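Let's walk together through the place where two protein chains meet. Have a look at the picture first, and then we will go through it step by step.

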Number of protein chains: 2
Amino acid sequence: MGSILSPDDRPATDLTARARIRDAALAQFAEHGTKGATLRGIADAAGVSLGLVQHHFRSKEGLRAACDDAVVEAFRGRLTRGTAEGTLGEPGLLGDLFATSGPLLRYLARALVDGSSTAAAMFDELAAGAEDFLSRTWPDRYPPDSPRVRDAASVMAAMHSGTIVLHGYLARRFGDDPLDREHATRIGLAMLDVYASVGEFAVSPTGDQIRETATRLRDHPDT
Amino acid sequence: MGSILSPDDRPATDLTARARIRDAALAQFAEHGTKGATLRGIADAAGVSLGLVQHHFRSKEGLRAACDDAVVEAFRGRLTRGTAEGTLGEPGLLGDLFATSGPLLRYLARALVDGSSTAAAMFDELAAGAEDFLSRTWPDRYPPDSPRVRDAASVMAAMHSGTIVLHGYLARRFGDDPLDREHATRIGLAMLDVYASVGEFAVSPTGDQIRETATRLRDHPDT
DNA sequence: TTGTAATCTGTACAGACGTACAGTGAGCTC
DNA sequence: GAGCTCACTGTACGTCTGTACAGATTACAA
C-alpha cells in the first residue's frame, strides 16, 4: 500500500492505482506547486485516465489533502518519538529527517511555501521542539514561554526548514541532491560547521557590537 | 519613478501607471506565486485595464522580468557595497537587508521558490559572500575553495534565506511581520541568540557525538 | 489646426483548467 | 446467471487564463 512509506523494490505496476496517483501527485505538487500542478499532468504521470483521479480523490483539493495525510502518516512516528524523547529540537533530528524519503520532503518543502495547514502544523511542531530544546539546555537564558525563547525557536525552525525548502539550490551547488538518502548527512554536517563557527562569531566582540547596533536600532528607529 | 525604490509619501495616483502596475505585480507575484498571480488580478489591483498591462510589459513573462529588474536595481548598490567591504557574509548584513522595502523582499522570497534566474543569482551572491566571510575569518578551518567552506557557505545561505522565505510563519508566531521595517531587527537578534547558543552546543561533547554519528553514517551508509 | 505618437480601454479568441457524468468491464455475491 | 459494486475510460461543459487587436483618448510637435 505504502509505495513511498515503505520503499519496496516492486515495480511501479505492482502498486495500487490509487497509490500510484498519490505518488505522482506528491511529485507534481512538489515540482510545480499547488497551483502549477494539473490533474491531467498527474494522471499522465501515474499512467491513468483523468477520470480515475477524480474517482479516487473527488477533487484537486481532495488529492492534496491525501498527499498531506501521507506526509503526516510518514512523519507521525518520527515526530512523536522525537517529542517523547525530548530530542525534537536538537540538530541531530534534522539529519534524521533528511534520511526520510525524498519525495515526501520535497512535497513538504513546497507545501510550506504554498501554505497548507499540515505544513503549518509541522512548522509549529518543529518550533515547539526547538523551544523545548533551548529552554531545557539553557534554562537561565531561555526561560520557558519567555518572548526570547519564542523568538529564537521560531527563527531556528525557519533556518532549519530553509535548508529543506531551498534544497534545490543546495543540490545545484553540491552537485548531489541533499534530499537523496546517500547525501542526507551532508547538510547536517555543514550545519554543525556553521553553528560552531558563526557561534564563535556571535559571542565575539564583533558579535556584541552587531547585537548592540541592532538593539539600538530596534529601540530607537531613527536614521 | 521609483515608488518602491524611493518610498515617497505621494498618493498612489501620482505614480506612473507603469510603476503602479509593477508594484501591484510585485505584490501579487509575492502572494500567489508566478503561476497563481493573474494579469487580470494585477490590473485590478493597479486600477488599470488588462490591455494597459500588456501595452507596457507585452507579456506575463515580461512583467515578471520587470519585477526582477526592480529587485536587482534596489539591491545592486547594497550588495556590491557589501561585497567590496567584504561584509556580505557577516550576520549584520541580513539585518541590513531586512531593513529594505518589504514588498521587494516578499517578492524575492517567492521568486526564490518559484525559481527565477535573478533569485538564483542572488542566492549565489549570498553564498559567495558567506564563503568569503568564513574563509577570511577562519582561514585554517575553511581554506578558500575547499569543499568544506563551500558546503558550509551554501547551507548558511540557505538558512539565512529561509528566514525570509518563511517570513510568513515568523509573522504568525511573532505577531508582527518581521519584513516590516519596524520589526526588521527582530530576526537578526534572534539569529544571534540561536548562533550563540547552538554554537555552544555544536562544540560540546554531545555535538561531537552527533558529528561522529553523521560522519560514520555518511562513510558507511549501513543500517 | 493638423498630424503623429503614446497612453489607455474593451472585446474577442484559443487553449488549458477543474469538474460532471454517462458508459464499459471485471469481479463478487446470492 | 442475475444483480451489484467497484475500478476505470472518454467526452463534454463552463470558467479562467494569456494573448491579440481594433479603436478611443490624450499629449505634443509642426
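Across the interface of chain B and chain A there are 14 salt bridges, in what is a predicted model. One to look for joins Arg173(B) to Asp124(A), with the closest N and O atoms 3.0 Å apart.

Which parts of chain B supply the side that touches chain A? Helices 1, 5, 6, 7, 8, 9, 10 and 11 of chain B each supply at least two residues of it. Helix 10 of chain B gives the most, with 17 residues. Sorted by class, this side of chain B has 36 nonpolar, 12 polar and 16 charged residues.

Now step back to see the whole interface. Here 64 residues of chain B are in contact with 65 residues of chain A. Together the two chains bury about 6200 Å² between them, and 67% of that is on carbon and sulfur atoms. Met159(B), Tyr169(B) and Arg173(B) supply 12% of the area that chain B buries against chain A, more than any other three residues.

Finally, turn to the nonpolar core. The largest one has 125 residues, and Tyr195(A) and Tyr195(B) are among those with the most contacts inside it. Leaving aside residues up to four places away in sequence, Tyr195(A) touches several residues of chain B, including Val194(B), Tyr195(B) and Val198(B). Within chain A, its neighbours include Met156(A), Met159(A) and His160(A).

Terms used:
Residues are numbered from 1 along each chain as its sequence is written. Chains are lettered from A and ligands numbered from 1 in the order in which they are written. This is a predicted model: local features need pLDDT of at least 70, side-chain atom pairs count only at pLDDT 80 or more; totals for chains, interfaces and linings use all residues. Side-chain values use heavy atoms; hydrogens and water are left out. A nonpolar core is a set of buried Ala, Val, Leu, Ile, Met, Phe, Trp, Tyr and Cys residues joined through side-chain atoms within 4.5 Å. Buried means under 20% relative accessible area, exposed over 50%, partly exposed in between (1.4 Å probe, protein chains only). Contact means heavy atoms within 4.5 Å. Buried area is the accessible area (1.4 Å probe) that two parts lose on being put together, summed over both. A salt bridge is a side-chain nitrogen of Lys or Arg within 4 Å of a carboxyl oxygen of Asp or Glu. Helices (H or I, at least four residues) and strands (E, at least two) are DSSP runs, numbered from the N terminus. Ala, Val, Leu, Ile, Met, Phe, Trp, Tyr, Cys and Pro count as nonpolar, Asp, Glu, Lys and Arg as charged, and the others, Gly among them, as polar.
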